[in-house]
Amino acid sequence: MIIQSLCRYYDILAKDENANIPKLGYSSAKVSFALVISPDGALSYIIDLRSDDKKPKPKDMEVPIQKSRSSGVFSYFVCENAKYVFGVEKVKKSEFEKKFSLNSKNSTDYYKILEENDKEVTLVHQRSRECFEAFKTLHHSILDGLNDQEVRGFLSFLDGWNPEEFLENPKTREYKDDILAGGNCVFECNGNFLHEKSAVRNAWETYSQNETGSTFAQCLISGKVEPVAKIHQKIKGVVGAQSAGASIVSFNNDAFCSYGKEQSFNSPISESAMFKYTTALNHLLSSPSNRIRIADTTVVFWAETSEKFCEKSCEELVKFFFDPPEPEKKEEKNVEGSRVQDITTVKEIEEILNKVRIGKKVNQEDIGTDPETNFYILGLSPNNARLAVRFWYVASIGSLIEKVARHHLDMEVIRDDYGPRYVSVYRLLNETVPQSSDKKTVSPLLGGLILRSILTDTGYPISLYSAILSRVKVDGSINFVRAGFIKAYLLRLSRAGLSNLSQDLITMSLNEESSSVPYRLGRLFAALEKAQNDTNREMKSTINSKYFSSASSTPAVVFPVLLKLAQHHIAKSEWGFRSNQLIEQILEGVDEFPAYLNLEDQGMFMLGYYHQRKAFFTKKEVPSNKEVPL
């Protein structure tokens with residue numbers, strides 16, 4: 001199902017001229033240098049194709065497909081690294097002594113040192129020469145039949161090149177360090193890139209179609225009898241996976257094989273289907289509009305449509321729901337490229353939220369495409385050299401947006417003016433780890449659980465709720481993100497009929513009429529804390545640091561002590577009368593202090609504490625005395 005959906009998405013992208021997606025038989029590669037070859041086969045000069053940034057970046061180019069290769073010698077066509085193009089390699093001194101020393105058991109039959117220093121050795125050895133010979137043989141087998149002056153000049157360069165003369169050539173010596181660092185090289189002849197010439201591309205496509213050794217079988221995706229892909233292309237861009245890429249479909253153990261089949265022949269997928277799904281998935285992973293990160297999981301999503309909405313795709317709208325940008329900080333107002341909330345998108349989101357709040361359906365004008373359009377969400381996480389599928393979700397775009405909007409509505413809580421209007425899933429999960437920690441490692445299970453709750457509009461995971469409560473107790477503080485999730489968790493629990501709490505008691509801001517005892521006790525703790533602070537604003541340690549955790553769990557033990565202590569603070573404070581009045585008002589709904597509060601009650605306690613603290617610092621609107629003209 002996943003591969004079929006990705007193949008269909010590739011077909012959609014292939015029809016879009018702006019998609020910049022490679023066609024069958026080609027792939028995107030990062031190219032660092034262009035080697036300019038003269039008609040007589042000489043290396044005229046080298047062009048650096050990298051960007052002018054502080055850290056130069058290679059140029060993305062469409063080249064003949066570069067299939068995944070193992071430890072064996074396997075050459076790519078007209079785009080390769082220095083080891084294959086020049087037959088030269090640079091290794092660390094320690095690696096050289098281990099592999100190439102005469103005293104080493106692993107020493108090769110031949111090597112020649114071209115240059116060395118205390119750290120690195122540049123050399124030609126048996127393996128690097130084999131790579132060069134494979135590169136030369138491949139190009140002769142494909143291009144020998146072409147009657148083209150530029151191609152003949154390129155082949156002459158290969159025939160006349162001697163790896164041992166790498167540093168004797170002034171052009172290669174000038175760029176030796178950058179070239180040997182591993183970047184790809186392409187070839188330019190008479191002002192044209194060799195890999196872009198129609199004659200060369202035709203020769204490559206003919207060679208690819210007639211490549212020997214193909215195994216034919218019925219493709220699991222198309223149902224047709226076609227050449228089966230033995231090795232699938234690597235998937236790049238998954239956070240935590242190998243930088244060279246990892247595989248979704250891969251077999252390397254006899255225990256996974258059956259009926260004498262090896263490698264990917266155990267799950268027969270044709271070369272064309274393999275190319276489509278790997279190309280589409282790599283395209284999604286490279287697109288910021290189609291990718292977010294949740295804990296250790298990289299999430300990609302796409303709609304089965306090419307329609308645009310106000311210069312934005314519906315994928316960008318969904319990404320805003322899942323990963324809204326942080327608001328601009330005051331000191332970053334004039335910083336170019338700072339990540340700020342787009343006013344137009346925020347307005348669109350608010351209109352959708354208002355519709356969902358009153359129970360209206362999201363229509364095509366709201367999202368720019370048919371609400372019944374299929375939408376896909378795929379979660380991938382690293383697993384050694386492979387990728388694990390964490391979750392796979394399919395729904396209509398309209399249904400998905402309504403469910404994600406419901407999540408944000410449930411999370412609504414009174415907040416600071418400088419806080420983000422909408423909370424990303426990534427930030428919510430970060431609230432489960434210490435904020436002072438440099439390395440924030442979120443439980444990998446929580447990401448999938450919270451996303452499943454959002455996408456299915458069901459109760460949130462109790463493991464995440466417990467983790468948030470624990471952090472509030474340990475830190476002695478609760479921010480709008482934690483308060484918002486506590487409210488959302490309790491709200492969904494009540495909505496599902498799994499709690500004795502009424503939905504009316506779970507509010508966005510302070511509810512002075514609430515009859516919930518835990519909620520009132522949270523308010524009471526905030527009032528007692530303020531009474532203490534009023535006596536000494538510079539006090540470093542308050543009752544919060546010592547009593548908050550126990551007060552939210554065993555109030556009967558703690559509150560009698562706190563009320564007695566508060567009388568000393570109230571007597572010293574010039575606002576003591578107000579504090580005393582608030583404490584009496586809160587206690588009117590409390591007949592006795594409970595001996596123990598369960599997890600739900602602890603959440604209500606923290607919500608009451610948060611609401612009361614926000615009310616202390618919220619300015620009340622003063623009615624104007626000015627006459628309003630009729």
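Author: What follows is a set of questions and answers on the terms used for this predicted model.

Reader: What makes β4 and β6 a pair of strands?

Author: Two strands pair if there are at least two bridges between them. β4 is joined to β6 (residues 120–125) by 4 bridges, so the pair meets the definition.

Reader: Why are β4 and β5 called edge strands?

Author: The open sheet has 3 strands in the order β4-β6-β5, with antiparallel pairing. β4 (89–92) and β5 (111–116) each pair on one side only, and they are the edge strands. From one strand to the next, the twist averages 35°.

Reader: How do you know that β11 and β12 pair as well?

Author: The cut-off is again at least two bridges. Between β11 and β12 (residues 297–303) there are 4, and the strands run antiparallel, so they count as paired. Arg291, for example, has Val300 in β12 as its bridge partner. The hairpin of β11 and β12 has 2 residues between the strands, and Ala295 takes a positive phi near 55° there.

Reader: Which residues of β11 are on the covered face, and which on the uncovered one?

Author: In β11 (residues 291–294), Ile292 and Ile294 form the covered face, while Arg291 and Arg293 form the uncovered one. Arg291 is also the residue whose bridge partner is Val300.

Reader: What makes a residue part of the lining of the largest pocket?

Author: A lining residue has an atom within 4 Å of a point of the pocket. For the largest pocket, 37 residues line it, and Ser28, Ala29, Lys30, Lys236 and Asn282 lie nearest its centre. The space in this pocket is about 1,500 Å³.

Reader: Which element gives the most to that lining?

Author: α9 does, with 7 residues. Elements that each supply at least two residues include β1 (26–37), β3 (59–64) and α9 (271–286).

Reader: How many residues of the lining are nonpolar, polar and charged?

Author: The lining of the largest pocket has 13 nonpolar, 17 polar and 7 charged residues. Lys counts as charged and Ala as nonpolar.

Reader: What share of the chain counts as buried?

Author: Buried means under 20% relative accessible area. Of the chain's 630 residues, 48% count as buried. The chain has 22 helices and 16 strands. Of its contacts with a separation of 6 or more, 69% are between residues 24 or more positions apart.

Conventions. Residues numbered from 1 in each chain as written. Predicted model: local features only at pLDDT ≥ 70, side-chain atom pairs only at ≥ 80, totals over all residues. Heavy atoms only, no water. Axes fitted to C-alpha atoms, helices over the stretch in contact; angles between N-to-C directions. Buried < 20%, exposed > 50% of the residue type's maximum accessible area, 1.4 Å probe, protein only. 1 Å grid on protein atoms, 1.4 Å probe; cavity = no way out; pocket = protein on both sides within 12 Å on 5 of 7 lines; lining within 4 Å. Points joined across faces, edges and corners; volume = space filled by probe spheres on them. Contact = heavy atoms within 4.5 Å.
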